[in-house]
Amino acid sequence: MRKALRVILFIVFTFLSVLMVRLTLPYFSFDDQTAFLRIKQWVINNSFWKACFYTHVITSCFCLVAGFTQFSIPLLKKYPKVHRYVGILYVLVILIASGPSGFVMGIYANGGFTSQAAFVLLSILWWYFTYKAFIHAKRKQFKNHEAFMVRSFALTLSALTLRSWKFLIVMFLRPHPMDVYTLVAWLGWVPNLLIAECYIYAKIQKSHVLSRLWFIKN
């Protein structure tokens, strides 16, 4: 059952990732009228924002793929060095490029203060969780490292879940475009983080139960 669930999740993740890459590729034309940029004409001449936008778009795709590999048990067991180096790259890209550029984009987000607050908070938490995961790994506190990596990747996945929510809301509710933006600004990452916290709590509880059983046996 668990194996089947993993296969299903892998297929869904792969499909959404391919879709994400397809949505990202047109931006490599660097045309100011491409997709999302058509509704950002009020800030398109801000060279700092523009640089942050392209930095975020390009590096976020890497974060999705790199982050996914960090939860591969076979990779960790057979190729621990690959796990480590890809993990370091994931951390560096978020701390230096994706996180800060996402923060700037959050400040200029469409939908007013509500959506701006959502995206700014998302970028801060993303950066913080990734930093904490790195610090715990350096200190060899691997349980804490895993917990913060789960949180970090849950927010990395907001790139996919945000677009999924947007698709569903537009399909079934057909609200005003700016209302959609305000909704998905929070829906894109808050449920992800709640699921991550439930997963972490359940795993901690399980480890406590196993520890007690070991203690009773011995």
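Start with Asp32. Its relative accessibility is 22%, so Asp32 counts as partly exposed. Buried would need a value under 20%. Keep in mind that this is a predicted model.

Where does Asp32 sit? It lies in the loop between α1 and α2. Leaving out residues up to four places away in sequence, Asp32 touches Leu37, Arg38, Gln41, Ile44 and Lys50. Along the sequence, Asp32 and Lys50 are 18 residues apart. In space, their C-alpha atoms are 9.5 Å apart.

Now the whole chain. There are 9 helices and 0 strands. In sequence order the pattern reads α-α-α-α-α-α-α-α-α. The chain has 218 residues, and 37% of them count as buried. Look at contacts with a separation of 6 or more. Of these, 69% join residues 24 or more positions apart.

The largest nonpolar core has 32 residues. Which residues have the most contacts inside it? Tyr90, Phe119 and Leu155. Seven elements are on the list of those giving two or more residues: α1 (2–24), α2 (47–69), α4 (80–107), α5 (112–138), α6 (142–156), α7 (158–172) and α8 (177–187). The largest share is 6 residues, and it comes from α5. There is also a second, separate core, of 9 residues. Among its members are Tyr27, Val43, Ile44 and Met105.

Beyond residues up to four places away in sequence, Phe119 touches Gly106, Ala109, Leu162, Tyr181 and Ala185.

Next, the partner helix, α4. The axes of α4 and α5 come within 8 Å and cross at roughly 165 degrees. That makes α4 roughly antiparallel to α5, because the angle is over 145. The crossing is left-handed. What meets what? From α4, the residues include Tyr90, Ile94, Ser98, Gly102, Phe103 and Gly106. From α5, they include Phe119, Ser123, Trp126, Trp127, Thr130 and Phe134.

Buried or exposed? Cys63 has 0% relative accessibility, so it counts as buried. Cys63 touches Tyr90, Val93, Ile94, Ser98, Trp126, Phe153 and Thr156, again without residues up to four places away in sequence. One more distance here. Cys63 and Val86 are 23 residues apart along the chain, with C-alpha atoms separated by 9.8 Å.

Lys140 lies in the loop between α5 and α6. It is exposed, at 62% relative accessible area. Its phi is positive, about 60 degrees, although Lys140 is not a glycine. Why point that out? Because most residues other than glycine have a negative phi.

To recap. Asp32 is partly exposed, Cys63 is buried and Lys140 is exposed.

Conventions: Residues are numbered from 1 along each chain as its sequence is written. This is a predicted model: local features need pLDDT of at least 70, side-chain atom pairs count only at pLDDT 80 or more; totals for chains, interfaces and linings use all residues. Side-chain values use heavy atoms; hydrogens and water are left out. A nonpolar core is a set of buried Ala, Val, Leu, Ile, Met, Phe, Trp, Tyr and Cys residues joined through side-chain atoms within 4.5 Å. Buried means under 20% relative accessible area, exposed over 50%, partly exposed in between (1.4 Å probe, protein chains only). Helices (H or I, at least four residues) and strands (E, at least two) are DSSP runs, numbered from the N terminus. Contact means heavy atoms within 4.5 Å. Axes are lines fitted to C-alpha atoms, for helices over the stretch in contact, and angles run from 0 to 180 degrees between N-to-C directions. Angles under 35 degrees count as roughly parallel, over 145 as roughly antiparallel, 65 to 115 as roughly perpendicular and the rest as oblique. A crossing is left-handed if the near helix is turned anticlockwise from the far one by less than a right angle, and right-handed if clockwise.
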